[in-house]
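User: I have this one open in the viewer and would like to go through parts of it with you. Could you put it up here so that we work from one picture?

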Amino acid sequence: MKLKKLSVLMAVPLIFTVGCTEKKQRDIFAMDTYMSITAYGNNADKAIDKATERITELESLLDVNSEKSDVWKINDSNGNSVQISDDTAEIINSAIKFCDSTQTLDITIYPVLKEWGFTTGNYKIPEANKLDKLLKNVDYRNIKLDGNNISIPENYMIDLGAIAKGYTGDEVIAELRENGAESAIISLGGNVQTFGSKPGGSDWKISVTNPFKPDSSMCMISVGEKAVVTSGSYERFFTGSDGRKYHHIIDKSDGYPADNGLVSVTIIGDSGLMCDALSTALFIAGTENAAEFWRKNRNFDMILVTDDCKIMYTDGLEDTLENVSNMPAEVISND
């Protein structure tokens, strides 16, 4: 699966073990990224086994490059209706809702991503007329989903990379909880998610990467049971023949990498799926539109980093965010 966040971890869990609580940790490679699961409790090993099985199951359904996946079946359907799994139907249904609410996210953008080379590694700057042609086949509203049956128009293609890891994070946390882990923290290629508290009862401390210095931290936040997901222009990019850098977060309005004043967006909320979707959608929306979306919804917190080196964050983080960078930081106004 080609996902939007690869090897650079946007939010890194800082874990401190207290007392005699049993700790189990496992690293895996799945969904085209590195993942880490750390669980605590006497049943942590079994819980991680089940969580790993769940990741493998979801990868087999959602991998855009696997001929056995649901996503491949949809993209190879030639406009015909195909039957998909409950998981895939649930993810697509949720994705459509976020496409509706944000008006910037669109899971049918895949042909444009592919033309830029972000799904293959064969990077190039597409011809403008080619992008115009491809964009005629980008419109999530033409997805027809009825239960487990789905159809998309001929020449349309979908990719769930902007939401699949978020859904997977929610499912992994559910598996860990249901199979006896007492608490856990996971990192799915930069999507960090937790349940319970650290051994000793304190909150988890999460480090968010500095987009201008990706090997260092920008800030740290303390969270309880939350998902923390970052999208940034520095995650996957190439330098074109014109000397400019082109990143992988595409604005469907013109088919080019989004250029609306932001270099990273971190979303903190109760749902990994929501945080994954919004981190991409609000990056494309830009600073003012992202702030306005938050004011209207207020069911998540966020950290915006602008291209002129400023940090902006929502008031729910006032008591927990520690700025360790040289950038100025300010709270987003409520009006």
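Analyst: A place to begin is R298, which comes just after α8 and takes a positive phi of about 60°. The model is predicted, so local features need pLDDT of at least 70 and side-chain atom pairs count only at pLDDT 80 or more, while totals for chains, interfaces and linings use all residues. Residues are numbered from 1 along each chain as its sequence is written, and side-chain values use heavy atoms, with hydrogens and water left out.

User: How do you get labels such as α8, and which residues of α8 are buried?

Analyst: Helices (H or I, at least four residues) and strands (E, at least two) are DSSP runs, numbered from the N terminus. In α8 the buried residues are T287, A290, A291, F293, W294 and R295, where buried means under 20% relative accessible area, exposed means over 50% and partly exposed lies in between, with a 1.4 Å probe and protein chains only.

User: What covers the buried residues of α8?

Analyst: The cover includes the helices α3 and α7, together with β16 (262-269), β17 and β18 (311-313).

User: Take α7 then: at what angle do α7 and α8 cross?

Analyst: The axes of α7 (residues 272-285) and α8 (residues 287-297) cross at roughly 130° and come within 6 Å. Axes here are lines fitted to C-alpha atoms, for helices over the stretch in contact, and angles run from 0 to 180 degrees between N-to-C directions. The two helices α7 and α8 are therefore oblique to each other; angles under 35 degrees count as roughly parallel, over 145 as roughly antiparallel, 65 to 115 as roughly perpendicular, and the rest as oblique.

User: Which residues make that contact?

Analyst: On α7 they are L278, L282 and A285, and on α8 they are N289, A290 and F293, with contact meaning heavy atoms within 4.5 Å. By class, this contact of α7 with α8 has five nonpolar residues, one polar and no charged ones. In that scheme Ala, Val, Leu, Ile, Met, Phe, Trp, Tyr, Cys and Pro count as nonpolar, Asp, Glu, Lys and Arg as charged, and the others, Gly among them, as polar.

User: And how do α3 and α7 cross?

Analyst: The axes of α3 (residues 86-102) and α7 come within 11 Å and cross at roughly 40°, which makes α3 oblique to α7. Their contact is made by S94, F98 and T102 of α3 and by L273, M274, A277, L278 and A281 of α7, and by class it has six nonpolar, two polar and no charged residues.

User: Switching to β17, is T306 buried or exposed?

Analyst: T306, which is found in strand β17 (residues 301-306), is buried, with a relative accessible area of 6%. Leaving aside neighbours within four places in sequence, T306 is in contact with F212, G261, L262, V263, T287 and M312.

User: Which side chain has a polar contact with that of T306?

Analyst: That is D308, whose side chain is joined to the side chain of T306 by a polar contact of 2.3 Å. A polar contact is a pair of N or O atoms within 3.5 Å; within protein, one must be able to donate a hydrogen and the other to accept it, and residues adjacent in sequence count only if both atoms are side-chain atoms.

User: Last one, what does E115 touch?

Analyst: E115, whose place is in helix α4, touches K124, P126, K130 and L134, not counting residues up to four places away in sequence. E115 is buried, with a relative accessible area of 16%.
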